Amino acid sequence: MNLLKPANTATRQLVYELLSGGTGLVLALFMWGHMVFVGSILTGSRGFDWLAEMLEVYFIAQPTVIVIFVLFLVHAALAARKIPAQLVERRKMIELGKGLKGAHEESILWIWQVRTGMIVLVLGSFHLVLMAIDVLTPLWGERIGIEAVTSLERVQAGLWLPYAILLICVEFHASIGLYRLAVKWGAFAKLGRSTLHTIERVILWLFLGLGFVILLVLAGVIPPPLAFLLGGNA
Amino acid sequence: MSETGRRLTFEVFRYNPQDPDSKPHMQTFEIEEVPYMSLFMALNEIRETLDPSLQFDFACRSAICGSCGMMVNGQPALGCRTQTSDLPDVVRLHPLPVFKLVGDLSVDTGIWFREMAEKSEAWIHAEKAFDPQAQEDRMDDDLAQKIYDSDRCIECGCCVASCGVANVNAEFAGPAGLNRIARFAMDPRDTRDDDEWFEVISNENGVFGCIGMMACHDVCPKELPLLEVYAYLRRKALSTAL
């Protein structure tokens, strides 16, 4: 058969596709769990510190930060193979996406997925390195790992801005990525594409909303709204 | 009922690659809108009354021949199926990208589709000699319907023009190409085995070249279930590898 490409690239391409989609899926699911963990700050510093300590004492946080960093880099490397290398090609795609905007939005959303992916790569790497230092250095000495007072200080010292940008980019990138992954492989096909898109939107706004409330608490703008759960002592 | 009384402005891409003096530019035409006016009618009106040199393609006027695909305000569409009442007062027309430009709005989709069909060998590969007297092999109704759905493609090129990958990678099978591949991969009369199909499908120029922009599905004038077709190809590649 006169093939579109010589043999043996097929298996490699399948593996790349599975790895880029699979790592994306795991990272998106992790982000939901991560949001719940960080969300413990809504109960106040005590709840946050207790959870952080548990995750570190039982050695959950340390391997997690390493595994997530590896998945993060693998995902970035493999997903980036789909981005056109030439500027002129990227411009062509952007023009096409803008033209199609009236009829459909997924093309322009793909372009925004790439842009947010780039931002997540930079800001997410910074955050992951910071977290790796926090949870790994106590292994070699009497240091304290993740704790609320440090997080509050960091956010209030100015990290609220990169974290706000990271939050928007991560949630957008992950929700549209999950939607695209489902459509690509025909998962939940019975629901129909428009329902999947609606679910994606709901998830996006839900986590964005939750994320911003968490960030406002960390920035000291509002008190922990769920502090009453732990007896009101934030 | 079409809106009437509007004066429509058409900004049309003009360029004749055969003429060395021709430079790509936009030319503006104005015409009166009439009830039930299609783009086909509007362009004929322009050619008859304003500029006889304007090049564009039409044949059937009923979305069957697939020759009148063009970019209408940035979106690929069939001229015969597009009503001016659905368009704003100013309409920008470009030829479909990706395909060889014949002139103005006319493109040669045939070259692209022939090359795609040859590359993917888009025909039934049968080992048995055809016996006109023998009863046909039975086929499941659902499968026959799926094959028929893929066969409804009129090769207008709208999906290819809307595809980000096809616009930057000439080797990519493209939406219509993947649809053709799926059509024959599904067909039990085709004797190519799964391993042979795997090499065609699971490829950076096959289904894994697709980045999931989904425009092809949304602009297809025949409303082919292209996204289902790609999902089928992805799963077929995975099941073959497993």
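**Hairpin, interface, helix pair**

In chain B, β3(B) and β4(B) make a hairpin with two residues between them, and Asn73(B) in the turn has a positive phi of about 50°. This is a predicted model, where local features need pLDDT of at least 70, side-chain atom pairs count only at pLDDT 80 or more, and totals for chains, interfaces and linings use all residues. Residues are numbered from 1 along each chain as its sequence is written, while chains are lettered from A and ligands numbered from 1 in the order in which they are written.

β3 (residues 69-72) of chain B pairs with β4(B) in the antiparallel sense over four bridges; pairing requires at least two DSSP bridges between the strands. Val72(B) has Gln75(B) as its bridge partner in β4(B). From strand β4 (residues 75-78), Gln75(B) and Ala77(B) point one way, Pro76(B) and Leu78(B) the other, and all are buried (20 or more other C-beta atoms within 10 Å of the residue's own, C-beta atoms being placed from the backbone).

Now the chain contact. On chain B, 39 residues are in contact with 33 residues of chain A (C-beta atoms, placed from the backbone, within 7 Å). α9(B) gives the most to the side of chain B that touches chain A, with nine residues.

Last, the helix pair in chain A. The axes of α6 (residues 148-185) and α7 (residues 193-218) of chain A come within 9 Å and cross at roughly 170°. α6(A) and α7(A) are therefore roughly antiparallel to each other, the term for angles over 145 degrees.

Note on methods. A residue is buried if 20 or more other C-beta atoms lie within 10 Å of its own, exposed if 12 or fewer, and partly exposed in between; C-beta atoms are placed from the backbone. Two residues are in contact if their C-beta atoms, placed from the backbone, lie within 7 Å. Axes are lines fitted to C-alpha atoms, for helices over the stretch in contact, and angles run from 0 to 180 degrees between N-to-C directions. Angles under 35 degrees count as roughly parallel, over 145 as roughly antiparallel, 65 to 115 as roughly perpendicular and the rest as oblique.
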